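Q: Hi! Could we go through some side-chain contacts together?

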Amino acid sequence: MAAFHVLRVDFEPRDKHQADEPAKPQHQFFIRAHTSRKNDDTQFPSSRTLFVANLPLNPEEALSAVFSQFGNIHKCVLSWQSSRHESDIPDQYRNSPNSIVRRGRVQVAHIVYKKAKGVASALSCRFVKNSLPPPNPTGMEKWRQEFDALRQDPAELQAAVDAAVATFEDEQARTKAAALAKATTDDGWTVVTAKRKDEPAKPKKKKKKKELTNFYRFQRIEARKEQIAQLRRKFDEDKLRMAAMVQSRKFRPY
């Protein structure tokens, strides 16, 4: 496995939250001179090409800002390579949380300088300060910024509340003055009217729960049983009454 050179890039904190942290934001590039199996590789000449791994989330801006300090860049080509390729991907890059990984593949770059000294200058450098532009926020940092953007500044909120209260009080004063002017006669007398006391609110009647009858099957069965029992009792009472009338000789059917 070819040895990689670690190029550390320190940049200024993006906001006050990062400024309070003891460790400054930084990123690490893994770079080495490009080696090609082809002797006449015209796309990536070995003497002027730098292989870069562990790209940040904004690779175009980062690569241009950092590696243009070592020389004039002829072109920069981004590509995806398998993370299992031992000769091109370092072990630190596979487990790096800042690397771009997609389905077992990682994004790498080939930077071709106009002169070969650009590659040598990059490999001899250990860190670059304040060259990498702040990356776009992701994860918890992105959620925190979205949360802060949705919350209004307390001073601005208090000013808005005070303005709304002042406007409401002015409207109330104008309404009261207009009502007083309307109640005043031409002679200067003020018409006084009796004020009705607010009547107490009547208590609301509680609605009785409506009982569902003959809704369930067992209710219909019980209702039919009760109806048959009543008919039987009435039939027995009618038989007793007719027997009493016969004995008293008041029953004359014909």
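Q: What does Asp-148 form a salt bridge with?
A: Its partner is Arg-144, with the closest N and O atoms 2.9 Å apart. A salt bridge here is a side-chain nitrogen of Lys or Arg within 4 Å of a carboxyl oxygen of Asp or Glu. This is a predicted model, where local features need pLDDT of at least 70, side-chain atom pairs count only at pLDDT 80 or more, and totals for chains, interfaces and linings use all residues. Residues are numbered from 1 along each chain as its sequence is written, and side-chain values use heavy atoms, leaving out hydrogens and water.

Q: And where are Asp-148 and Arg-144 in helix 5?
A: They are four residues apart in helix 5 (residues 139-150), so about one helical turn separates them. Helices are DSSP runs of H or I, at least four residues, numbered from the N terminus.

Q: How many salt bridges turn up in the whole structure?
A: Three. Among them, Asp-238 pairs with Arg-241, the closest N and O atoms being 2.8 Å apart.

Q: Switching topic: which ring does the charged end of Arg-8 sit over?
A: That of Phe-127, 5.3 Å from its centre. The criterion is NZ of Lys or CZ of Arg within 6 Å of the ring centre and within 35 degrees of the ring normal.

Q: What about Arg-32?
A: Arg-32 lies over the face of Phe-51, at 5.0 Å from the ring centre.

Terms used:
Helices (H or I, at least four residues) and strands (E, at least two) are DSSP runs, numbered from the N terminus.
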